[in-house]
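Welcome, and please have your viewer ready.

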Amino acid sequence: MTIEERLAHLEAKLAELSAEADIRRLQARYMFLCDTPCPEPGQIDDAERIARIMDLYCEDAVWEGVGAYYDNQFGRAVGKDQIRAHFEKFWSPTRKPGLLLNAHYLTSEQIHVRGEEADGQWIHCQPWIFDDGTSLLRSSRLNNLFRKVNGVWKVARTRTENVFVSPLAPGWAEAYPTVSVLMNP
């Protein structure tokens, strides 16, 4: 193998590893912004949170829940306007019961880069606490698509399928924040 061939091979591998790292950060950023209370610094409101989430998506992106359980619960949203409306339901001040806490834990990551496109799979687990005293633990599989737009990786599709949903006993979490100050100076 010539030095030129070796350099080309190393450049290709570096590009692939860099894309994987960018996609990993993109997926983590999405989950971070979806946590409640939102840990983003500056005490942003839910409209700003949703705007920041929407910045992560391609214009023609798809957000969909699939499978017997999620088809009816989440459905399919195509394009940023429909995806924004989907998120506005989660943090609506009129949502009943109101969401007090949810946190996203990702595991079993797989990322496959193909030039300017990629897919990634994760399993995620997420506790929810509502203002009516109920709580649940939700687990899903994610099969997401990503696309590079103007040199920046964006989410082209979020696709989630239920693994399980289980009620949690009242009081299972003894303490949790109502506002996150983690990232504030």
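Start by selecting arginine 49 and aspartate 46: these two form a salt bridge, and their closest N and O atoms are 3.2 Å apart. Keep in mind as you look around that this is a predicted model. Both residues sit in helix H2 (residues 46-54), three residues apart, which puts about one helical turn between them. Now colour the pair by accessibility. Arginine 49 is buried, at a relative accessible area of 3%, whereas aspartate 46 is partly exposed at 30%.

**Across to a strand**

Next, select glutamate 59 and lysine 80, another salt bridge, with 3.3 Å between the closest N and O atoms. Glutamate 59 belongs to strand S1 (residues 57-66) and lysine 80 to helix H4 (residues 79-90), so this pair ties together parts that are 21 residues apart in sequence.

**Two helices together**

The axes of H2 and H4 come within 10 Å and cross at roughly 140 degrees. That angle makes H2 oblique to H4, and the crossing is right-handed. To display the contact, select Ile50, Ile53 and Met54 on H2, then Lys80, Ile83, Arg84, Phe87 and Glu88 on H4. Sorted by class, the contact has five nonpolar residues, three charged ones and no polar ones.

Now move to arginine 24 and glutamate 109, whose side chains meet in a salt bridge at 2.7 Å, N to O. Arginine 24 is in helix H1 (residues 3-34) and glutamate 109 is in strand S4 (residues 105-114), so the bridge ties together parts that are 85 residues apart in sequence.

**Last stop: a network**

Finally, select Arg29, Glu40, Glu48 and Arg52, and show the side chains. These four residues are linked in a network of salt bridges.

Methods
Residues numbered from 1 in each chain as written. Predicted model: local features only at pLDDT ≥ 70, side-chain atom pairs only at ≥ 80, totals over all residues. Heavy atoms only, no water. Helix = DSSP H or I, 4+ residues; strand = E, 2+ residues; numbered from the N terminus. Buried < 20%, exposed > 50% of the residue type's maximum accessible area, 1.4 Å probe, protein only. Axes fitted to C-alpha atoms, helices over the stretch in contact; angles between N-to-C directions. Parallel < 35°, antiparallel > 145°, perpendicular 65-115°, else oblique. Left-handed = near helix turned anticlockwise from the far one by under 90°. Contact = heavy atoms within 4.5 Å. Nonpolar A, V, L, I, M, F, W, Y, C, P; charged D, E, K, R; others polar.
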